[in-house]
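Please keep the sequence and the model at hand while reading.

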Amino acid sequence: MIWQYSPLPPLLLISAALTAVLSVIAWKNRQSPGGKALTIFLSAATLWSAAYALELSAADLESNLLFTDIEYFGIAVVPPAFLAFALSYTGREHLLTRSRVLLLALFPALTIIAVLSNDLHHLYYTGFTSSIDGGAVIWLFHYGPLFWIYWIIAALLILAALVLLITHLLDAPAAYRSQIGLLLIACIVPLIADVLYVLKTGPVPGLDLTPVGFLVTGLTLEAATIRYQFFSVTPVARSLLPGVMTDSMIVLDDSGRIVDVNSSAAVIAGLPEEAAIGMPFDRVFPSLKSVVAGCTEEAGRSEAEVEMTVIGQARVFISRCQRMKETSRNMAGYLVVLHDVTDLLHEKAALKKVNEKLGLLADITRHDILNQLTAVTGYMDLAIESEDIAEIRGDLGKSRAAAENVRHQLEFARDYSSLGRGSPQWFDLVAAAQSALVYAGQNGMRTGISCTGVTIYADPLIERTLFNLAHNAVAYSATATEFRISCTIASDGLVIVVEDNGIGVPDEEKEIIFRRGVGKHTGLGLFMVREILGITGMTIREIGTPGQGARFEISVPPGCFRTDHAGIDAVTV
């Protein structure tokens, strides 16, 4: 054996070490789709790279042929292992029956036999030619008919695997496309290098850069492992429901243990995704035990409405359980999908309240306008019948005042009809209060808000509501120098306090100020403030001390507020 120096062997040994480490990781995750086949593929790539490093380090033909024989224990295994992996990874593991696996195994076995017995028939390699590149000897292998048979079959196997992966890429949820894309890169780079070597069109004829391509394979799979948990996720199960990935999803095995959860389901559980996997389902999601119990082999599926607490807030979910048949052992068990309908229920309740309020408005407005029109026509009749100029002017003045009242009624109806025009939404309270704070500040008041991190579920008019409270502080209290908004978490919800340090509200007027028509025609009035808040179940009252300032207390019910507990007080009342 004649040894020689070549710059490539160290790089090839690094490639072999990397794929060896990845093969160990793949074996530890062999229960994942394609885990066993990927282990075989990476082990074969490791052997290929290591043996080729030795081949390039040997200058004599005899040693080159020895290491080439060893290489083929990896070279011949790569194509069928890659196809087996692609079938499993894309959810087609059921196609890998015992007879088909034996047929795939027969291909590398016959190839290795043909290579090892080449001295007897010279049908795999017909001859060898040496060349010198960079001071190192490189042996060129001349291909025989058996080589081309091997290479065509191997190319077809790899092409079929690539088609499966590309199809899976196009059909997969967006969350998995980056992972599958990296997998394709990992496989295509060594494939291109192998084609260049076989067709002798590479930068150095006779130099096989395929094992160098495995270095790219290893680095790419390593990146996929770190970034996308390539060896531990179960993309086959998740890809069954590409349209509901925004919902919470839980995959269970037949024993009731959690196989996989997505991030939103982990939030409901209050655990990291990796911590939830492997735990008993009824311990992590006790509220869903009856839903899974109803998902029998006979029924196939079940559905129920359940209420659960998520980050301290009560949420309502439509829970659907689908029994997964044993078409593949990785997919046997149950698939549970949770769709959050809390906001939808709030919106339906708000819409019902709006319709009730608008119906009441129509009745009241029609009655008031008819009364005022009766007054207009009555005073007009009196003016027509009278001959006294003073009386005529008085009657016309009264008629005009009644007509003006009709105008106010119509303007009020216009503003009131905007209630519920937009669906209730989640609003950051600090952002919604900015116009109120700016208005108070422009009128010489010191302002402040301590509700950081609080969002509330309210009608889109919530900003105008808070603005109107600031407008009232300016309009009714010339002595006020401060306008502040604060938040407190109570046992029965969130309390928002809007206060000033002006003259306050007399005790006998604390309820009167919320009646329709009371005020200085500010555009909304406190009546409208109460109506807007009431759409999403909020209430408002005035609890300030007369002479010390007005203090409006807005109560937000549970489920209609969220908070990160920053910038607010937490008390029990």
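The points below are grouped by topic, beginning with the whole chain.

The structure is a predicted model, in which local features need pLDDT of at least 70, side-chain atom pairs count only at pLDDT 80 or more, and totals for chains, interfaces and linings use all residues. Residues are numbered from 1 along each chain as its sequence is written, and side-chain values use heavy atoms, with hydrogens and water left out.

**The chain as a whole**

- The secondary structure comprises 20 helices and 16 strands; helices (H or I, at least four residues) and strands (E, at least two) are DSSP runs numbered from the N terminus.
- Of the 573 residues in the chain, 47% are buried. Here buried means under 20% relative accessible area, exposed means over 50%, and partly exposed lies in between, with a 1.4 Å probe and protein chains only.
- The chain exposes about 27,900 Å², of which carbon and sulfur atoms supply 61%. Accessible areas come from the Shrake-Rupley method with a 1.4 Å probe, and for residues only the protein chains shown count as cover.
- Among the contacts in the chain with a separation of 6 or more, 65% are between residues 24 or more positions apart; a contact means heavy atoms within 4.5 Å.

**A nonpolar patch on the surface**

- Met1, Trp3, Leu47, Leu54, Leu66, Ile70, Phe73 and Leu116 together form a nonpolar surface patch with about 760 Å² of accessible area. Helix H2 (35-57) and helix H3 (61-75) are the elements that give two or more residues to this patch.
- The largest share of the patch, three residues, comes from H3.
- Patches are made of residues with over 30% relative accessible area and no salt bridge; nonpolar side chains (Val, Leu, Ile, Met, Phe, Trp, Tyr) are joined within 5 Å, and like charges within 9 Å.
- Leu116 belongs to helix H5 (residues 98-116). Leu116 counts as partly exposed because its relative accessible area is 47%.

**Aromatic rings**

- Rings of Phe, Tyr and Trp (its six-membered ring) pair if their centres lie within 6.5 Å; planes under 30 degrees apart count as stacked, over 60 as edge-to-face and the rest as tilted. By this rule there are 20 aromatic pairs.
- Tyr72 and Tyr150 form an edge-to-face pair, at 6.2 Å centre to centre with 65 degrees between the planes. This pair links distant parts of the chain, as Tyr72 lies in helix H3 and Tyr150 in helix H7 (residues 145-171), 78 residues apart.
- Tyr72 is buried, with a relative accessible area of 4%, and Tyr150 is buried at 7%.
- Tyr124 and Tyr125 make another edge-to-face pair, with centres 5.1 Å apart and 85 degrees between the planes. Both of these residues are buried.
- Ring pairs join a cluster whose members include Tyr72, Tyr124, Tyr125, Tyr150, Phe107 and Trp151.

**Charges over rings**

- A charge sits over a ring if NZ of Lys or CZ of Arg is within 6 Å of the ring centre and within 35 degrees of the ring normal.
- Arg323 lies over the face of Tyr334, 4.7 Å from the ring centre.
- Arg562 has its charged end over the ring of Trp426, at 3.8 Å from the centre.

**Salt bridges**

- The structure holds eight salt bridges, each being a side-chain nitrogen of Lys or Arg within 4 Å of a carboxyl oxygen of Asp or Glu.
- In the bridge between Asp340 and Arg315, the closest N and O atoms are 3.1 Å apart. The two residues come from distant parts of the chain: Asp340 from strand S7 (residues 333-340) and Arg315 from strand S6 (residues 313-324), 25 residues apart.
- Asp340 is partly exposed at 30% relative accessibility, whereas Arg315 is buried at 8%.
- Glu499 and Arg551 form a salt bridge with the closest N and O atoms 2.9 Å apart. This pair connects strand S12 (residues 493-500) with strand S14, across 52 residues.
- Glu482 and Arg484 meet in a salt bridge of 3.6 Å, N to O, and Arg446, Glu482 and Arg484 are linked in a network of salt bridges.

**The loop at Pro558**

- Pro558 is located in the loop between strand S14 (551-556) and strand S15 (561-563). Pro558 counts as exposed because its relative accessible area is 54%.
- Apart from neighbours within four places in sequence, Pro558 is in contact with Asp492 and Gly493.
- The C-alpha atoms of Pro558 and Ala314 are separated by 7.3 Å, although the residues are 244 apart along the chain.
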